[in-house]
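Open the model in your viewer and keep the selection tool ready. The tour goes from one group of side chains to the next.

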Amino acid sequence: MSRQLVVIFSPLLAIGMALIYFVLSAEQAEAVKDAPWDYMPAQRAHVPHASFLTGPFERPQDVTKRCLDCHPEASREVMKTSHWTWIAEEVEGLDGKPLGIGKRNLINNFCLGAQPNLEMCTSCHAGYGYDSNDFDFSDELAVDCLVCHDSTETYRKKGGGWPKDDVDLVAVAKSVAAPGRNNCGACHFEGGGGNAVKHGDMDGTLHHPMPRNDIHMGRHDFRCQDCHRTERHEVAGVLTTTSESADAHVRCTDCHAMDPHHNDRLNTHASAVACQSCHIPKVALDYPTKMAWDWSTAGQDLPEDAHHYLKAKGSFEYIQELIPEYTWHNGRVDRLLPGEPIDPEAVTVINRLEGSIADATARIVPVKVHRGKQPYDKTFKYLIVPKTVGEGGYWTEFDWNQAFELGADATGQPFSGEYGFAETLMYWPLHHMVAPKEHALQCTDCHADRGRLNWKELGYPGDPALYGGRKRADLLADDIEAKP
């Protein structure tokens, strides 16, 4: 998707931009309609737990057992959430039957899939012992309370979700408190195998950010749950890589007004442009984020560098200070299902964001687009997930056939013995690293020669500033010829 646009930046448009700035200045004295602090959730007073959790604790499950003495409902609440089940929602499967989809069984174009590689992937599971498909999801003592409630910042997990060997369970248990950014960030800031790798708008700078890294967390010291509001351990928010839902999104309008600006001209943008498009001008500000991953080059004895090539994983591309790409999104996602056929000669979109210029519920949103080249079965024409970790895995044996056979055993998707590599694409909508308002995009960032938005790809006949502020429903590219 190109971010470049070639239009004629006419004198008339320049005069129009000047008038916009004049109008903005003239209306600064108007009352602001926005009152976000009125909608902020109240923070509960914390009760120190050190006197309740004295230990000794031989196993982490012993900590959970002690927690349940006072919070008997806690494990059952956690067990209803996708943090526990790794199933985000139920959809219609390829066979017409209900299919639960989520991190547990969906394919991505980073580490490809969790099912054959649980012993490593589940280091970010909210439980203990999830290292095989035989894990007992009904075991209340397997719920990990500490991963979300530790305040020592020393709690770390390893394969299967177990605490690392050097964790002091008593010290961590005594410290438990309401979750902070460090608890969420331990998994979410390092998704994809390292700091900043996967999301682009989340990384280690958000543990203790400056305002430039994120205005909400940096200047106003927001906790994650101030936006991702949590009831009975159910955390609000949807990850478009694991879900199709539009119902549980966290939205700016949970606190901000639909028309928050001093100026009506800016407020009219809200019917077509998401807040994030102007207020997140760049991401990966201090650390580069992965933009491409080519698995087809793995296995070669080439010079290694974590940002360019690793024998076990293949070739990479990283970018720092990433300017987003932009697309329409109405909140829903068309997810590629396990076993769904692909065209290996085309680029397979793994999580297509739904919405268009003709969809009144859609907005133009900023996205990181991650491009991959990953294995597929040449006979069955679907993407396949190898076993990479542990005994027999590709990272140990460098044998693709063996890795795919072991992967097939775990996923239940047969491997024909013939494989190739196909190009794929994933969208990662950007919501964090909101800039201070003085750093938000200005009119000419989009409405100018070589601006950020490709109007034709978005369905417009050209820059809508050339059409006198007409609504997008009246500006479908098929209906209007672009003005000279």
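Start by selecting Asp226 and Arg223: they form a salt bridge, with the closest N and O atoms 3.8 Å apart. Keep in mind that this is a predicted model. Asp226 is buried, at 2% relative accessibility, whereas Arg223 is partly exposed at 22%.

Next, select Glu321 and Lys282, whose side chains meet in a salt bridge of 4.0 Å, N to O. Glu321 sits in the loop between strand E7 (314-319) and strand E8 (325-329), and Lys282 in the loop between helix H12 (275-279) and strand E5 (289-294), so the pair ties together parts that are 39 residues apart in sequence. Glu321 is partly exposed, with a relative accessible area of 42%; Lys282 is also partly exposed, at 31%.

Then go to Asp62 and Arg59, another salt bridge, at 3.6 Å from N to O. Asp62 has 24% relative accessibility and counts as partly exposed, as does Arg59 with 40%. The count of salt bridges comes to 13.

Now turn to the cysteines. How many disulfides are there? The count is 0. Select Cys121: the nearest cysteine sulfur, that of Cys111, is 6.4 Å away. Cys121 is partly exposed, with a relative accessible area of 22%. Select Cys255 as well: the closest cysteine sulfur, in Cys227, is 6.3 Å from its own, too far for a bond. Cys255 is buried, at 13%.

Finally, select Glu391, Glu397, Asp399, Glu405 and Asp409, which form a negative surface patch. Glu397 belongs to helix H13 (residues 394-397) and is partly exposed, at 44% relative accessibility.

Technical notes
Residues are numbered from 1 along each chain as its sequence is written. This is a predicted model: local features need pLDDT of at least 70, side-chain atom pairs count only at pLDDT 80 or more; totals for chains, interfaces and linings use all residues. Side-chain values use heavy atoms; hydrogens and water are left out. Patches are made of residues with over 30% relative accessible area and no salt bridge: like charges are joined within 9 Å, nonpolar side chains (Val, Leu, Ile, Met, Phe, Trp, Tyr) within 5 Å. Accessible areas come from the Shrake-Rupley method with a 1.4 Å probe; for residues, only the protein chains shown count as cover. Lys and Arg count as positive and Asp and Glu as negative; His and the chain ends are not counted. The place of a charge is taken as NZ of Lys, CZ of Arg, CG of Asp or CD of Glu. Helices (H or I, at least four residues) and strands (E, at least two) are DSSP runs, numbered from the N terminus. Buried means under 20% relative accessible area, exposed over 50%, partly exposed in between (1.4 Å probe, protein chains only). A disulfide is a pair of cysteine sulfur atoms within 2.5 Å.
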